[in-house]
Amino acid sequence: MPSFLENITKFYGTGEPNADGQSLPEFLDAYDPHRYETPSCTTDAVIFAHSGAFETLDDLKVLLIKRSNHPCIGFWALPGGFADMRENLSETARRELMEETGVEGLIMEQIGTFGNYDRDPRARVITTAYMALVNEKDVKVHAGDDAADAIWCHLHLELVETEAQNGKIRNLYSLRIQNVERGLDTTALVEHTESTGIIKEADYKVVEMGMLAADHAAILVNALVVLGRRLC
């Protein structure tokens, strides 16, 4: 098949043929991208808002959308969606945020990748999470695309259990999400484990999801832990 890219100049390496005697163009012509099963890629955006100066995580709100379709129909989720084939992940995050909530023009930081094989029933889906922080008065939110609603929610993160064992620290967090006007009051439990050495092997796992879609509670807690460490 033809090369995925129009310009392949930087991929020639030393220019020598491979073990089959193929040049790079010949190799690409014969290459079958469907030979192996490949996952789909998405992005999810954790958009925090404050009303001015803030000192603790409890001073923040988070932007959530209501799922209008399967999977997790009727549950609340982070704005996000599938990456286009010729689109960088940061562009996907911004496009999906704009399409689903109308919010655009934000500085966004990549904070993690969530790729457990059972996180989506449609296919093998790996998502990359982004985070942003805005003043609530500077953005206008409205639901679009496949979002039934888009709202700011109060949040409260509480560390309910912690233990150290085998070179790792295990923290269990309770994440409460509220929006009085929409009658939303749900709590999720997320387990965070992290190694104590110089290399930080970390994992976030949903124990109880509440009314948050898929593993979005874990993504949210990941973002809150990162932000909380910066506020210390």
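Two strands are taken to pair if DSSP finds at least two bridges between them. The model examined here is predicted.

By that criterion, strand β7 pairs with strand β8 in the antiparallel sense. The β7 strand spans residues 147–165, and β8 covers residues 168–179. Their pairing runs over 11 bridges. Within it, A164 has I169 of β8 as its bridge partner. The two strands form a hairpin, with two residues between them. In this turn, N166 adopts a positive phi of about 55 degrees.

Strand β8 also pairs with β9, which comprises residues 184–195. This pairing is again antiparallel. It extends over 12 bridges. R170 is bridged to T193, its partner in β9. A hairpin is formed here too, by β8 and β9, with four residues between the strands. G183 lies in the turn and has a positive phi of about 70 degrees.

The cysteines were considered next. A disulfide requires two cysteine sulfur atoms within 2.5 Å. The count under this rule is zero. C41 is in no disulfide. For C41, the nearest cysteine sulfur belongs to C72 and is 19 Å away.

Solvent accessibility was computed for two cysteines, C41 and C232. C41 has a relative accessibility of 38% and therefore counts as partly exposed, since that class lies between the 20% and 50% cut-offs. C232 reaches 84% relative accessibility, so C232 counts as exposed; the threshold for that class is over 50%.

Notes. Residues are numbered from 1 along each chain as its sequence is written. This is a predicted model: local features need pLDDT of at least 70, side-chain atom pairs count only at pLDDT 80 or more; totals for chains, interfaces and linings use all residues. Side-chain values use heavy atoms; hydrogens and water are left out. Buried means under 20% relative accessible area, exposed over 50%, partly exposed in between (1.4 Å probe, protein chains only).
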